[in-house]
Amino acid sequence: MAPQTDLKEVVDSEIKEWHFHIYFHQRNAAEHHAALELRDAVLRLRRDGAFVAVPLFRVNTDPIGPHPCGSYEIWCPTESFASLYSYLCVNRGDLRDHELRAAWIGPSFPLDLTLLPRLSNEVPLQYPSLQLGYSSTNPKISLEDRKKVGAHVEHVLRSEKEAARAPTD
């Protein structure tokens, strides 16, 4: 099947909500603890307005459905996908890893990582003339405004029994 090229069809079929599944070996206390720490961190950052992400209240300590090990789900609207995805890639630790910040759409494929250059702390700017990405000059949302958004999201989610609550610290 050829990829869709009709603009209306592409826009209408855009994915609006995402689910991230965090896995841990259910008999590995360290992984289970790390998974719960990551969940609490996501909840705190949601409360503070970093992104909108809703870990479900339930944490599965055994395989359930298609999930082969302990897990929990984080729901995320498309508006926060990039922020949450970036956060999880950088902060997931050893919980789920292909190699550093990698993720797969579809089945994984073996990679020869010896062909990659060494990692650098410097981010190379690509197409800085577009002023997007790391070259963006757009004003950033203030931390105070983010906290207001986070507080609003927490207030709305109080009535949702499946949504986990942010820690109160």
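**Contacts, sheet and helices**

Student: Which residues does Ser71 touch, not counting residues up to four places away in sequence?
Tutor: To touch is to be in contact, which means heavy atoms within 4.5 Å. With residues up to four places away in sequence left out, Ser71 touches Ile22, Tyr23, Phe24, Val59 and Asn60.

Student: What kind of model is this?
Tutor: Residues are numbered from 1 along each chain as its sequence is written, and side-chain values use heavy atoms, with hydrogens and water left out. Local features need pLDDT of at least 70, side-chain atom pairs count only at pLDDT 80 or more, and totals for chains, interfaces and linings use all residues; the model is predicted.

Student: In what order do the elements of the protein run from the N terminus?
Tutor: Helices (H or I, at least four residues) and strands (E, at least two) are DSSP runs, numbered from the N terminus. The protein has four helices and three strands. From the N terminus on, the order is α-β-α-β-β-α-α.

Student: Why does Ser71 count as buried?
Tutor: Ser71 lies in strand β3. Buried means under 20% relative accessible area, exposed over 50%, and partly exposed in between (1.4 Å probe, protein chains only). Ser71 counts as buried because its relative accessibility is 1%.

Student: How many residues of β3 are buried?
Tutor: In the protein as a whole, 25% of the 169 residues count as buried. β3 is mostly covered, and of its eight residues the buried ones number seven.

Student: In what order do the three strands form the sheet?
Tutor: Two strands pair if DSSP finds at least two bridges between them. β1 and β3 are antiparallel and joined by eight bridges, while two bridges join β2 to β3 (residues 70-77). The sheet is open, and its order is β1-β3-β2.

Student: Which strands stand at the edges of the sheet?
Tutor: A strand at an edge here has a single partner, so one side of it is left without a neighbour in the sheet. The edge strands are β1 (17-24) and β2 (54-55).

Student: Which residue in β3 is the bridge partner of Pro55?
Tutor: Val54 has Trp75 as its bridge partner in β3. For Pro55, the bridge partner in β3 is Ile74.

Student: At what angle do α2 and α3 pack?
Tutor: Two packed helices are described by the angle between their axes and the distance between the axes. Axes are lines fitted to C-alpha atoms, for helices over the stretch in contact, and angles run from 0 to 180 degrees between N-to-C directions. The axes of α2 (residues 29-47) and α3 (residues 81-91) are 12 Å apart, and the angle is about 145°.

Student: How many nonpolar residues does the contact of α2 with α3 have?
Tutor: Leu38, Ala41, Val42 and Leu45 in α2 meet Leu84, Tyr87, Leu88 and Asn91 in α3. Ala, Val, Leu, Ile, Met, Phe, Trp, Tyr, Cys and Pro count as nonpolar, Asp, Glu, Lys and Arg as charged, and the others, Gly among them, as polar. One residue of the contact is polar and none is charged, and the nonpolar ones number seven.

Student: Which elements do the buried residues of α2 pack against?
Tutor: The buried residues of α2 include Ala35, Leu38 and Leu43. The elements that the buried residues of α2 pack against are β1, β2, β3, α3 and α4 (143-157).
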